[in-house]
Amino acid sequence: MPFLTLPTEVVELVLISAAAAGHPETIAAFSQTCRAYRDLVYGPSDHHLWREIFLTEFDDPRVLGGGPGWSEAEAHKASCCRSPTFNWGEEYRSRIWAARYIRWQTRPPASTEDDEEPEHLYFSELEIVRRNTRALDALISVVFTALPCPATIVFSFIPPDDTSHASDSPSAGYPTFPPLPQAMTGPSSDIIPMGPFDGSGRGFGQALSARNMAWLQTVLERGYPPSVTARFCGDKWEGGIAGQYLEEYDFNELQSAGRLIACTGFKTVPQDIQHRIPRNGIAEERVTLIDHSEEQQLRRARRLARMRVYNMRYLARERHWGPFLPCQEKKTYGPELRVDDDELLQPILALFRFPGAHDEGGNGEHEHEHLTDKEDEDEGNEDEGEEDTDEEAEEGASRGPVLPAAPPTALQLRPDWAYLAAARMVVEANLREAFSAEDLTGLVSLDGLRPGSAPWDAALYKPPEPESDKGKEKATDPDRVEGWDWAGVTGIWKRCVCWMDYRDLILHNLSGEFEDPNLAEAVRVIAMQLRIASYSPSEVPGYEHLPTIHVVGQTTGASLVGHRRNIHGTVGVVADGSVRWTLQFSSVEGGQGDEWVSEGIQIGGVASAMGVLGMWTGAQHERMDPLGPCWAWKVG
């Protein structure tokens with residue numbers, strides 16, 4: 001029977017079966033056999049064929065998730081504004097291309113793919129950077145369209161029989177790391193299956209795996225493209241501390257790679273492929289950086305990450321003293337600073353300069369003795385304008401002191417993924433030295449990126465109520481609205497904080513090297529208990545269904561005596577929809593003033609088990625404030 005005589009439905013089933021069997025290239029080859037079949041594959045406007053092909057390999061991106069009430073909120077958003085249509089065919093083709101591109105660059109020497117034409121060897125460095133960015137963005141899409149964890153998954157931990165100890169610490173009876181069932185290899189006595197819910201609203205159901213995460217794990221089995229890895233294990237950060245001197249295409253690659261590394265962790269270049277790295281596609285100085293053992297690559301990557309997360313110059317008002325980039329400011333591209341203008345050295349030296357120090361010895365009195373005639377003339381002109389200048393000064397004094405510009409709002413910020421990737425690399429390296437790989441499984445598992453994978457208690461959540469029920473109350477206070485715990489705030493958290501001795505911090509900022517083999521960081525995992533105080537409207541248009549959450553709570557301080565610190569802060573979204581966590585910590589003595597502040601971004605989906613990556617610094621944002629990375633995750 002000729003293939004052309006088969007019904008269209010049968011032909012479509014054949015193509016879907018080919019994709020399900022792991023042969024997506026068959027679809028493209030089939031479409032080239034004749035015009036009729038090309039129209040069949042690429043012509044339909046409803047994309048039903050590509051939808052079925054997509055769902056053979058990936059999760060359904062239409063499935064909503066996060067926590068109780070999430071579906072209702074998303075439905076309310078959809079009724080208010082029409083969401084863009086998901087392009088099944090384009091998304092599928094982009095992901096399959098990215099997988100083939102990365103697998104080819106990281107293939108083992110004996111791979112059958114060696115027979116294929118190494119087309120990327122003939123591309124320029126610019127084209128390879130663009131292709132890297134395209135592949136990385138496709139993988140990021142896989143992460144953020146993963147199937148949410150089932151809404152029945154909740155963890156309930158039985159506190160110790162001795163309840164007197166349970167009241168001393170909010171973490172009593174809870175594990176150190178996220179109890180993610182997908183990452184557990186055996187039964188745990190701390191997890192009690194009930195369900196779906198018991199009388200207190202606790203329980204958990206079956207944990208289903210996400211196709212997206214299994215696919216991503218396979219694609220990244222041998223790491224990222226070598227040129228991407230090289231950016232994160234070099235001698236210095238290319239393009240400055242925030243990438244401000246990079247060309248646009250390099251900056252985009254850095255941010256995309258940083259976002260993926262923040263989600264999946266840093267991966268080294270396998271030694272068996274280093275001899276095949278295309279020299280004409282990577283800057284020569286970067287090639288030499290990855291011609292090392294995996295241990296050396298990890299050591300260099302850790303050093304480079306420390307240079308970013310402990311760089312005191314990174315603290316800036318325009319970044320709201322956090323891991324952010326201003327999204328309103330037009331980016332200026334240009335050459336990197338010279339060595340003698342080193343961005344690490346000069347700002348720190350400036351902190352130790354006192355006004356008038358250059359006038360010692362009376363040199364200031366003779367400063368203008370050798371002016372040229374032209375300079376004398378200019379000076380005379382300046383003298384003539386002194387009267388006007390004095391009048392302007394008096395007028396300015398009458399207006400009062402000039403206040404500093406207000407820090408940017410949430411609408412003006414977006415995450416700096418290069419910094420967040422460095423924060424994960426530093427904290428994860430410190431945790432791996434303190435805990436076993438098995439202990440960290442629940443924290444670093446890719447399933448921990450899925451929305452709603454963090455533990456939550458249904459008794460503490462409530463879906464958003466209809467506006468008509470509370471309309472009068474809302475009208476009386478426009479700064480407060482009815483809300484719900486869409487971010488999974490309420491519960492027990494663990495927060496890993498890393499810091500350097502202040503003297504070491506200053507010295508390494510002066511040298512900018514961080515090369516000391518004996519350099520050590522202090523690492524402390526601290527328990528937090530958070531709850532919701534109130535809600536206010538979101539500052540970002542398009543996210544009205546996700547009100548800003550005002551958080552309060554308590555934590556055990558990092559001091560040896562274990563004093564509690566009071567916590568308050570907010571959880572909301574920034575310009576690109578990423579979830580921002582801002583937490584202020586009081587002094588150990590229990591005073592009303594805030595001593596420390598942390599700014600972070602949720603990694604993965606909303607209420608993910610992987611938690612929040614960010615940085616901490618002084619709450620008053622003084623010039624000599626220390627800083628460091630932190631990572632918080634929910635355990636109950």
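## The largest cavity

About 110 Å³ of space lies in the largest cavity. The model is a predicted one. The structure holds 4 cavities of 30 Å³ or more. Rolling a probe the size of a water molecule over the atoms shows where empty space is left.

Which residues lie nearest the centre of the largest cavity? They are Trp581, Leu583, Ser598, Val612 and Ala632, out of a lining of 14 residues. By type, the lining divides into 9 nonpolar, 3 polar and 2 charged residues.

## The strands around the cavity

Strand S3 (491-499), strand S7 (579-586) and strand S8 (594-602) each supply at least two residues. So much also holds for strand S9 (612-618) and strand S10 (627-634), each with at least two residues in the lining.

Take S3 on its own. Is this strand mostly covered or mostly uncovered? S3 is mostly covered, with 8 of its 9 residues buried.

S3 pairs with strand S4 (residues 522-536) through 9 bridges, and the two run antiparallel. Glycine 491 stands opposite leucine 530 in S4. S3 also pairs with S10, through 5 bridges, and this pair runs antiparallel too. Here arginine 495 has alanine 632 of S10 as its bridge partner.

Now turn to a helix. Helix H1 (residues 8-20) has 13 residues, so at 1.5 Å a residue H1 should span 18 Å. The C-alpha atoms at its ends are 18 Å apart, which agrees.

Which residues of H1 are buried? They are Val11, Glu12, Leu15, Ile16, Ala18 and Ala19. These residues cover an arc of only 155° around the axis, so they sit on the same side of H1. On the other side of H1, Glu9, Leu13 and Ala20 are exposed.

## Tryptophan 50

Tryptophan 50 belongs to helix H4 (residues 48-55). Why does tryptophan 50 count as buried? Its relative accessibility is 6%, and buried means under 20%, so tryptophan 50 qualifies.

Tryptophan 50 and leucine 15 are 35 residues apart along the chain, and their C-alpha atoms are separated by 9.8 Å.

Notes. Residues numbered from 1 in each chain as written. Predicted model: local features only at pLDDT ≥ 70, side-chain atom pairs only at ≥ 80, totals over all residues. Heavy atoms only, no water. 1 Å grid on protein atoms, 1.4 Å probe; cavity = no way out; pocket = protein on both sides within 12 Å on 5 of 7 lines; lining within 4 Å. Points joined across faces, edges and corners; volume = space filled by probe spheres on them. Helix = DSSP H or I, 4+ residues; strand = E, 2+ residues; numbered from the N terminus. Nonpolar A, V, L, I, M, F, W, Y, C, P; charged D, E, K, R; others polar. Buried < 20%, exposed > 50% of the residue type's maximum accessible area, 1.4 Å probe, protein only. Pairing = 2+ DSSP bridges. Expected span 1.5 Å × (residues − 1). Arc of directions from axis to C-beta.
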